[in-house]
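Open the model in your viewer and follow the stops below in order. Each stop gives a selection and then what is found there.

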Amino acid sequence: MTQNRNKLIGLFIGNIANAVVHKILELAIDDELLRNYYGKELLNSVEIARKYREKINPINRPLPEKDIEYIKNKVINKSNSELKLRIAKGYKNINLDLVDDIIDKMMADMKIKD
Amino acid sequence: MVELISRISKGTRMDQIYIPKERMPGFELGATVLIKPVLEKANIRPYYYNVSNLEPIKNIIIEEIMNYFENFDNVIITGSFLEKGFDFEDIDVLLITERKADTSKLESHFERDFGIKLHIIAIDFKSLLKGLITDPLFQMMLSKFVSGKRVIFRIKRKINYKLLDLHLLESKVLIGNFGFLPGREKYKLIRNSIAIKLFMENESISLETVNSEIDSYFGKETVRNIRENLLDKSFLNKYKELYDRIFKDILAGIKNDSKQE
C-alpha cells in the first residue's frame, strides 16, 4: 500500500514539475500574442497530476507536512534542473524566481496543502 | 395567432424584452409566451477544404453548428470529426472573433441544445495566422477543415524554437506516464512529437503525413497499435530516443537564435 502511495506521489511530482516548467516557458515567450493564446490552454500534465492526486490519501484534505515538504523539494529540483538546462543553452527570459510561487499555487489548487 | 415583435435588450442581471403597455389580448401580465428568433436562418453554404465524402449526418451537424455560431466572424470545424467514421470524442470548432467569448459556456449551451460535445477555441484572425505560421499543431489542424465562410491560408512557415520546446514538453507526459495513459491519449502525444519533427524538417503536415511518418519511424501498423493501446516498453525506448533527438535539435535552435540576438 505504502509502495503504491509512494509511486503515485512520484508520478504526481513528475507531472507537476512538467506543468511548472511549461508555465515558466510560457511566460518566457517573447511574442505577446502567442503567450496569451498558449497561456489559456489547459495542460495535459495538470490534468494527469490531478488524477494521481485523487488517489493519494488523504484525498479531501492537505497531506501531512513531511509529504508536502518532500513533494515541494522534489518539484523544485526537477523544475530547476529542466529550466537551467535551457538557460545554459542561451534561453532568455526564464525567471527561476517564479518557480516557488507557481508550485505553491498548484499544490494548493490540488489540495496538497492549504 | 397574434404576434408581437420586439428586440432583446441588455439588462444588468438578466436580459429583457420590452413590449408596449397597451397591447392586444393574450399578452396580459403573467401570461406564458413563446419567444423565438424572428429572422429565418441564413442559407449557409459551408466551404470544404481537403474534405471529401463526409457522411450525410455530419453535413447536417455542420450546418447546425454554422447556424448556431453565425454571429461570429467565421466558424471553422476541424479534427477527427472530419475523418471517415464516428471515432471522435468531440467536434473541434474554431470561432474566429475579435470579441471575447466564454467558450465553456458556449460548449455547454450547445451540448444542452443538441447533445453534441464541442471543443471550442475562440481566436482572432491575426492570432490564427500567427499560430499557423509558427505552430505545427495548427498546421495539422487546418490541413483539413470546413468553414462557414471561404477562407484561404497562404502562409510561410517560421520556426520559433521556444514555442516548439513548449509543445514538445507536452509530449514528455508520455514518457513518465506510459503505463497509465489510454491509447487515444498516447496517440495524441506521439502525433504531437511527430508533427514537431516534420515542422522542423520543413515537411508538409497533415493527419495523413503525420500518421504515415509514425508508421515509417516506428514500424508498420504502429498508429493502429497505439490507438488500441497495444504498445510495449520497446516502443517507449524508441520514442525516448526520438524525443531526445527532437529536444536536442530544439535546444540547438534556441542556442543558435540566442547567438544572433
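This is a predicted model: local features need pLDDT of at least 70, side-chain atom pairs count only at pLDDT 80 or more; totals for chains, interfaces and linings use all residues.

Select helix α4 (residues 65–88) of chain A and helix α5 (residues 99–109) of chain A. α4(A) passes α5(A) in a right-handed crossing. Their axes come within 10 Å and cross at roughly 135 degrees. Angles over 145 degrees would count as roughly antiparallel and 65 to 115 as roughly perpendicular; α4(A) and α5(A) are therefore oblique to each other. To see the contact, show side chains for A:K72, A:V75, A:I76, A:S79 and A:N80 on α4(A), and for A:V99, A:I103 and A:M107 on α5(A). By class, this contact of α4(A) with α5(A) has 5 nonpolar, 2 polar and 1 charged residues.

**Across to chain B**

Next, display both chains and select the residues where they touch. On this boundary, 20 residues of chain B are in contact with 22 residues of chain A. On the chain B side, the elements giving two or more residues are α3 (125–134), α5 (161–177) and α9 (233–260). Which of these gives the most to the side that touches chain A? It is α5(B), with 10 residues. Coloured by class, the chain B side divides into 7 nonpolar, 6 polar and 7 charged residues.

The axes of α3(A) and α5(B) come within 9 Å and cross at roughly 30 degrees. Here A:N44, A:S45 and A:I48 of α3(A) make the contact with B:E170, B:V173 and B:N177 of α5(B). The residues of this contact of α3(A) with α5(B) divide into 2 nonpolar, 3 polar and 1 charged.

**Chain B as a whole**

Chain B has 9 helices and 7 strands. Its radius of gyration is 24 Å, well over the 18 Å that the globule rule gives for 261 residues, so chain B is more spread out than a compact globule. Along the principal axes, the C-alpha trace of chain B spans about 80 × 45 × 35 Å. Of the 261 residues of chain B, 29% count as buried. Among contacts in chain B between residues at least 6 apart in sequence, 60% join residues at least 24 apart.

**A helix pair in chain B**

Select helix α6 (residues 183–200) of chain B together with α9(B). The two axes come within 11 Å and cross at roughly 40 degrees. α6(B) and α9(B) are therefore oblique to each other, and their crossing is left-handed. From α6(B), B:I190, B:S193, B:I196, B:K197 and B:M200 meet B:Y239, B:L242, B:Y243, B:I246 and B:D249 in α9(B). This contact of α6(B) with α9(B) divides into 7 nonpolar, 1 polar and 2 charged residues.

**Two glutamates**

Select B:E28 in the loop between β2 (16–17) and β3 (47–49) of chain B. Is B:E28 buried or exposed? It is exposed, with 8 other C-beta atoms within 10 Å. Draw a distance from B:E28 to B:A122: the C-alpha atoms are separated by 42 Å, and the residues are 94 apart along the chain.

Then move to B:E64, in helix α1 (residues 56–68) of chain B. B:E64 has 15 C-beta neighbours inside 10 Å and counts as partly exposed.

How values were computed: Residues are numbered from 1 along each chain as its sequence is written. Chains are lettered from A and ligands numbered from 1 in the order in which they are written. Axes are lines fitted to C-alpha atoms, for helices over the stretch in contact, and angles run from 0 to 180 degrees between N-to-C directions. Helices (H or I, at least four residues) and strands (E, at least two) are DSSP runs, numbered from the N terminus. Angles under 35 degrees count as roughly parallel, over 145 as roughly antiparallel, 65 to 115 as roughly perpendicular and the rest as oblique. A crossing is left-handed if the near helix is turned anticlockwise from the far one by less than a right angle, and right-handed if clockwise. Two residues are in contact if their C-beta atoms, placed from the backbone, lie within 7 Å. Ala, Val, Leu, Ile, Met, Phe, Trp, Tyr, Cys and Pro count as nonpolar, Asp, Glu, Lys and Arg as charged, and the others, Gly among them, as polar. The radius of gyration is taken over C-alpha atoms; the globule rule is 2.2 Å times the number of residues to the power 0.38. A residue is buried if 20 or more other C-beta atoms lie within 10 Å of its own, exposed if 12 or fewer, and partly exposed in between; C-beta atoms are placed from the backbone.
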